[in-house]
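Colleague: Please put the model up and walk me through it. I will ask as we go.

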Amino acid sequence: MSLARREWNPKNSNRYRGYCPVIPGVADYKEHVDFSHDLSPSDPLSTDEPFYEPNVWVPDSVSGASDFKGFILSYHRCMSDLVFKVSHLLALGLEKEENYFDNLFEKPLSTLRLIHYPLREGTIPESAIKDGHILTFKEHTDTNFVTFICTFGYRGLQILEGGGSWSDVEVIPDCLLMNAGDALVKTTGRFKATRHRVVDYGMERFSVPFFAEPGYYADITRYGAPISEEAIALCSTDLPNQYGPWLQERIKKKKFSDYPAFNHTD
């Protein structure tokens, strides 16, 4: 709890990074901690924009803390490199220059999240039961550009197929899963965000997603006409075209339980 966001530890100042505990009484039954890439303390964005707030860490005096920090930052760099490789392939698939998306990821907000889904205790809320399944994370799409997920071989992740049915995602050893996110849809007017959920199979579960996110002021305006109802909605001219303000609006709309009082303006 020493790393918890201000909502759960009023002594702390962090609102966007850090630890989120299991929240009793809600459908999403998980705990997680978020990390990103720290900007230089001299960069005005590091103090002016809460989305760029610095990481919070276990003190180095704690055994293993320094090694843990080094590993997390190394893994974040590795995934950040992968973002460019994948975005280059996406650009080529759209018949654009290979570096078409590169400027989106200047001072990115990309988040590395460590998630633990513990065994559920207590009364299961009705909102957690859908079509005969108990959920530990409700149906949603990711708000960011793309997501790379390490599942450690745990079952539970499901995706919504084109026909409207839910399917278990196959567990493939030594592979990352990739979700397309809302920002990819808005940026291109194409693709389809991966709608997914997590089913409770009566065992605890671990997952490490990396949410590839553009910079706060990145222009995510589409380059062409949207080709689906989903893309039309996400490309609405009523929504901000800069990623940071757009992200804030998406967080409010989706009402994720781990951002109960997030308000960028206070």
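Colleague: Which residue in β5 stands opposite K130?

Modeller: H133 stands opposite K130. Before more of that: this is a predicted model, where local features need pLDDT of at least 70 and side-chain atom pairs count only at pLDDT 80 or more, while totals for chains, interfaces and linings use all residues. Residues are numbered from 1 along each chain as its sequence is written, and side-chain values use heavy atoms, with hydrogens and water left out.

Colleague: How many bridges pair β4 with β5, and in what sense?

Modeller: β4 and β5 are antiparallel, with 2 bridges between them. Pairing requires DSSP to find at least two bridges between the strands. Strands here are DSSP runs of E with at least two residues, helices are runs of H or I with at least four, and both are numbered from the N terminus.

Colleague: What sits between β4 and β5?

Modeller: A turn of 2 residues, which makes the pair a hairpin. In that turn D131 has a positive phi of about 35°.

Colleague: What sheet are those strands in?

Modeller: An open sheet of 5 strands, ordered β4-β5-β10-β7-β8 with antiparallel pairing. β4 (129-130) and β8 (166-168) are the edges, and each has a single partner strand, so one side of each has no neighbour in the sheet.

Colleague: And how many bridges link β5 to β10?

Modeller: 3 bridges, between β5 (residues 133-140) and β10 (residues 196-199), again antiparallel. H140 has H196 as its bridge partner in β10, and L135 stands opposite V199 in that strand.

Colleague: Other sheet now. What is the strand order in the open sheet of 6 strands?

Modeller: The order is β1-β2-β3-β11-β6-β9, and the pairing is antiparallel. Its edge strands are β1 (18-20) and β9, which each pair on one side only. From one strand to the next, the twist averages 20°, taken between lines fitted to C-alpha atoms (for helices, over the stretch in contact), with angles from 0 to 180 degrees between N-to-C directions.

Colleague: Is β11 mostly enclosed or open, and why?

Modeller: β11 is largely enclosed by the rest of the structure, because 7 of its 8 residues are buried. Buried means under 20% relative accessible area, exposed means over 50%, and partly exposed lies in between, using a 1.4 Å probe and protein chains only.

Colleague: Which strands pair with β11?

Modeller: β3 pairs with β11 over 5 antiparallel bridges, and I115 has S207 as its bridge partner there. β6 is also joined to β11 by 5 bridges, running antiparallel. In that pair, F148 is partnered by F210.

Colleague: Take T111 next. Buried or exposed?

Modeller: T111 lies in β3 and is buried, at 3% relative accessibility. Its side chain makes a polar contact with the side chain of E213 at 3.0 Å. A polar contact is a pair of N or O atoms within 3.5 Å; within protein, one must be able to donate a hydrogen and the other to accept it, and residues adjacent in sequence count only if both atoms are side-chain atoms.

Colleague: What does T111 touch?

Modeller: Leaving out residues up to four places away in sequence, T111 touches R17, D34, F35, H76, P209, F210, F211 and E213. Contact means heavy atoms within 4.5 Å.

Colleague: H76 is in that list. Which residues of α2 are buried?

Modeller: H76 is one of them, and the others include I72, Y75, M79, V83 and L90. The buried residues of α2 pack against several elements, among them β2 (31-35), β3 (111-117), β6 (146-150) and α3 (182-188).

Colleague: How far does α2 reach?

Modeller: Helix α2 (residues 65-93) has 29 residues and spans 42 Å from first C-alpha to last, close to the expected 42 Å. The expected span is 1.5 Å times one less than the number of residues. Just after α2, E95 takes a positive phi of about 60°.

Colleague: Change of topic: how many disulfides?

Modeller: The count is 0, where a disulfide is a pair of cysteine sulfur atoms within 2.5 Å. As for cysteines, C20 is buried at 2% relative accessibility, and C78 is partly exposed at 44%.

Colleague: What is the bridge partner of C20?

Modeller: H32, in β2. β1 and β2 pair in the antiparallel sense over 3 bridges.

Colleague: Last one. How many helices and strands does the protein have?

Modeller: It has 5 helices and 11 strands. Of its 266 residues, 48% count as buried.
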